[in-house]
Amino acid sequence: MFLVRFVSYRPIIHRLIFQSPLYFPHSCPFSSFQIQNFDEVNLIHYKDWLSPNEVIKIFQNLKDPNSALNLLNQISKRKDYKPNEAIYSVVVKNLAMTRNFDAIDTLMEKIKFERKCRLSDDFFYDVIKIYGHLAGRINRAIETLFDMPNYKCWPSVRTFNFVLNLLVNTKQFDVVHKVYIRASELGVEIDACCLNIIVKGLCHCGELDAAYKVFDEFPKQNCQPNVRTFSTIMHALCERGRVDEALGLLERMEKENVEPDAIVFNTLISGLRKRRRVDEGIEVFKKVMLKGCDPNPGTYQEVLYAMLDAKRYLEAKDFMDVMIDKRVNPSFESYKLLIHGLCNGKLLGDLDRVLRQMVRHGFVPRMGLWREILGCLFPDGDCCTTCSYEKILAN
């Protein structure tokens, strides 16, 4: 009988014992502690046992994030202190919030000296990102990258590429190559993304011939140029008026079975437009459609601008209809240029239609554009009528 009762009450007994704070005293929620402000408490002499999760909660609830390093120094003297990456990460986050980058330097030296826990590549990626983006300490970001093995952590290609891209974006092109050639020291295997960053850097500083030579590096590194490689060089070529070379790269893409995307076609159409080669730009657009590549709004807008630059206003008007059918709204500037052209051509019927369409898409013509429209409607200079229209529009 006793055994039957024990079995029937066993789930209740199990819940009372094994879910009790007495059984797992360290799993108590941090809110059970009676300290309201840990910024003002000396945790060296705090008697209750602190688990790593509770330590993290302390840092997460600091009223003054700048006190994080001082608090960590206190906690690290406790017997129950077990450092881990999560604790260091929240301390770094607190210090970054207050832009106390010198304290982050101090923390990194403390971690390296103590050697009490292993840190992951993700941790260093975040620290390097703080140095590079938030602090603007590019040299410190590079130093941290090459210091990672001293923490018994080797950088991933993602972290290595982040530093390379950081150098390119800050136009430190002379440093990019110095970092790149030291990849083997860090055990980093060069990938296509890494080479693309090098190509981008060379293009930005105008070294197009050197960028071409990087193509030869791809097979040597067991990599293949991708669509981003080609689009980067195409953009640089078109910016310098070398559109035919850019078109040649499109043929090379086809031979190497690299599918062009909308960015490639946008770059080529824009380059042809700037050279006033409108028909070729339209042909490139048709090629986009035939290849089944989805043009983006920028593709349609480039073709429209090409037609407007060539003063082919009726074609532009019809192409606007195509855009709207594809749920791509023309820009305010394109409406302005089209109305200007229709006014010059005295195409009043088309002008009325385009103007109504413009308003439907939420664009309101400015006073200068209204004056141009009224001047087209009243070419004889009917001052009274024109002034009355202007008064109505002004109100």
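Me: How many of α7's ten residues are buried?
Reply: Eight of the ten are buried, so α7 is mostly covered. Buried means under 20% relative accessible area, exposed means over 50%, and partly exposed lies in between, using a 1.4 Å probe and the protein chains only. Helices (H or I, at least four residues) and strands (E, at least two) are DSSP runs numbered from the N terminus.

Me: What sort of model is this, and how are its residues numbered?
Reply: It is a predicted model, in which local features need pLDDT of at least 70 and side-chain atom pairs count only at pLDDT 80 or more, while totals for chains, interfaces and linings use all residues. Residues are numbered from 1 along each chain as its sequence is written, and side-chain values use heavy atoms, with hydrogens and water left out. The pLDDT is the predictor's confidence in each residue, from 0 to 100.

Me: Which residues of α7 are buried, and what do they pack against?
Reply: They are Ile138, Arg140, Ala141, Ile142, Thr144, Leu145, Phe146 and Asp147. Their packing partners are α5, α6 (121–135), α8 (157–169) and α9 (173–180).

Me: Which residue does Arg140 form a salt bridge with?
Reply: The partner is Asp105, with the closest N and O atoms 3.0 Å apart. This pair links distant parts of the chain, 35 residues apart: Arg140 is in helix α7 (residues 138–147) and Asp105 in helix α5 (residues 101–114). Both Arg140 and Asp105 are buried. A salt bridge here is a side-chain nitrogen of Lys or Arg within 4 Å of a carboxyl oxygen of Asp or Glu.

Me: Which residues are linked with that pair in a network?
Reply: A network of salt bridges links Asp102, Asp105, Arg137, Arg140 and Glu143.

Me: How many salt bridges are there in the whole structure?
Reply: The search finds 27. One of them joins Lys274 and Glu239, whose closest N and O atoms are 3.4 Å apart.

Me: Why does that pair tie together separate parts?
Reply: Lys274 lies in helix α14 (residues 262–274) and Glu239 in helix α12 (residues 227–239), so the bridge ties together parts that are 35 residues apart in sequence. Glu239 is partly exposed, at a relative accessible area of 46%.

Me: Which residues have the most contacts inside the largest nonpolar core?
Reply: They are Phe59 and Phe160, in a core of 122 residues. A nonpolar core is a set of buried Ala, Val, Leu, Ile, Met, Phe, Trp, Tyr and Cys residues joined through side-chain atoms within 4.5 Å. Beyond four places in sequence, the contacts of Phe160 include Leu145, Val179 and Cys194.

Me: How many helices and strands does the chain have?
Reply: There are 21 helices and zero strands. Of the 395 residues in the protein chain, 45% are buried.

Me: What is the mean pLDDT of the chain?
Reply: The mean is 84, and 84% of the residues reach 70 or more. Residues 1–9 have a pLDDT below 50, and this stretch has one contact in the model beyond near neighbours in sequence. Residues 12–36 also have a pLDDT below 50, with 23 contacts beyond near neighbours.

Conventions. Contact means heavy atoms within 4.5 Å.
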